[in-house]
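Good morning, colleagues. Please turn to the structure that I am about to show. I shall speak on two topics, the interface between parts of the chain and the surroundings of the ligand.

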Amino acid sequence: MKKENESKTVFVTICGRPNAGKSTLLNKIMGRKVSIVSPKAQTTRVRVTGVLTKNDCQYVFLDTPGLHKAKSGLGQAMMQSVSEGIENADITLFVVEAGDRVLAAEKSIVRMLRANKMRAFLVINKTDTVKPPQVLETIAQFSPLYNFEEVIPVSSLTGDGIDVLLSELEKRAEPSFFYYDSTFVSDMPDAKYVCEVIREKMLYNLGLEIPHTVALLADSFEQNETLVKCSVTIYCTRESHKGIIIGKGGAMLKKISMQARLELEEHFGKKVFVECFVKVKNDWQNNSSMLTQLGL
Ligand SMILES: Nc1nc2c(ncn2[C@@H]2O[C@H](COP(=O)(O)OP(=O)(O)OP(=O)(O)O)[C@@H](O)[C@H]2O)c(=O)[nH]1
Ligand SMILES: [Mg+2]
C-alpha cells in the first residue's frame, strides 16, 4: 500500500445515453474487458468498477447503465445507480456519440450534475465513425449544456484520445493512499462475470426483446488450477421466450454457451465448463429480492 504523500487517486464515473460506448471506453482504458458490450441499448445493468493503477496514480472508474426512462423496478434501480455513481465521483465523464443530438437522457444527466455541482468532462466518443467537422458540430451541440472542465474527443475502438483523457484525469487526482491494491482490476466476482458474458452472447444472438427481459444468476461456481465449473440459471418472463432461448433441439442455448465458454477460457486462462438452465419467472424485474440478488 502506497503512502498518502506519494500517491494520488481520482474517482471517475462514466455516464451517458445507452449505447454511447461507455463500457467500450472503460475496457479500452483498462486494456482488457471488465464490462460487457453490445450494439443493443441497456447492456450494462449494474455499476462496474475498473481500477487502473499507473505509477503513482490510481484511477477508479465506475461504468454505469445508460440513462433511460425507467419502466420497471429494474429500470428504476439502474437509474438510481447512475445518480449514486455521479454523486460519488470526483469527475463525471459525460459520454456522447459523435454525430448525436441532445435528447431527454442528456438533459437528465445535466440535472444530476447540477444538483450535486459535480465536475464533469464532455467525452465525444466514436470519432472514428464521423468526419472531423461532425466532431466539432457535436461539441457545439453538447458543450453549452454544462460547465464542462474539458471536452475530449475519443475513439474507444481505436484508442484515439484516451491518453489525453487519462492525463487530464490525472491532473484532478488528489493525494491519497491507494484504495485498492495496485494489481486490482475489477470488483466483479468471477461467477457474476460468467453470467455477464453469457448475457452478452444472448444480446448478440437473440432479438431485441428477450435479452432485456432475462436475468442470470450463478447457482454454483468452482475452480481449481485447470478448470472453472459454473452452473447458471437464465430467468426469462415467458414460456415462449424459454423456447426461443433454448432453440430447436437446444441449438440456440448451445451456441450461446459455446461462445461464452470460448471467451471465458481466454479470460480465466483455463478450461471452462458452463451449464445453463432456463426458467420462467414472471415479472422478475419488479421482484425486489431478485433485484438484490442481481446486485441492484
Ligand atoms: N465505431 C465505434 N464503435 C464503438 C465505439 N465505442 C463503442 N462502440 C460500439 O457501440 C456499441 C455500444 O457500446 P457499449 O460500450 O456497449 O455502449 P454503452 O454506452 O456501455 O451501452 P449501455 O451499457 O447499453 O448503456 C457497441 O457495438 C460498441 O462496439 C467507438 O469508439 N467506435
Ligand atoms: Mg454499457
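Across the interface of domain 1 and domain 2, the rule finds 2 salt bridges. The model is a predicted one. A salt bridge joins the side chains of E200 and K33, with a distance of 2.7 Å from N to O. Polar contacts between domain 1 and domain 2 connect 15 residue pairs, in which both residues have pLDDT 80 or more. On the side of domain 1 that touches domain 2, the residues comprise 7 nonpolar, 5 polar and 4 charged.

Let me place these two domains on the chain. The domain assignment gives residues 4-175 to domain 1 and residues 190-293 to domain 2. To the contact, domain 1 contributes 16 residues and domain 2 contributes 23 residues. The C-alpha centres of domain 1 and domain 2 are 27 Å apart.

I turn to buried area. The size of an interface is often expressed as the accessible area that is lost when the parts come together. How much area do domain 1 and domain 2 bury between them? The value is about 1500 Å², and 53% of it lies on carbon and sulfur atoms. Of the area that domain 1 buries against domain 2, I36, K40 and R45 supply 41%, more than any other three residues.

The second topic is ligand 1. Which residues are closest to ligand 1? They are K22, T24, Q42, T43 and D128, out of 24 residues that surround the ligand.

For T43, a backbone N or O atom lies 2.7 Å from an oxygen atom of ligand 1. For G66, a polar backbone atom is 3.0 Å from an oxygen atom of ligand 1. In the case of N125, a polar side-chain atom lies 3.2 Å from a nitrogen atom of the ligand. Ligand 1 taken alone exposes 650 Å², of which the protein buries 89%.

Thank you for your attention.

Methods: Residues numbered from 1 in each chain as written. Chains lettered and ligands numbered in written order. Predicted model: local features only at pLDDT ≥ 70, side-chain atom pairs only at ≥ 80, totals over all residues. Heavy atoms only, no water. Domains from an automatic or database assignment. Contact = heavy atoms within 4.5 Å. Buried area = accessible area lost by both parts, 1.4 Å probe. Salt bridge = Lys/Arg side-chain N within 4 Å of Asp/Glu carboxyl O. Polar contact = N/O pair within 3.5 Å; in protein donor to acceptor, adjacent residues only side chain to side chain. Nonpolar A, V, L, I, M, F, W, Y, C, P; charged D, E, K, R; others polar. Near = heavy atom within 4 Å. Areas by Shrake-Rupley, 256 points an atom, 1.4 Å probe, with all protein chains shown as cover.
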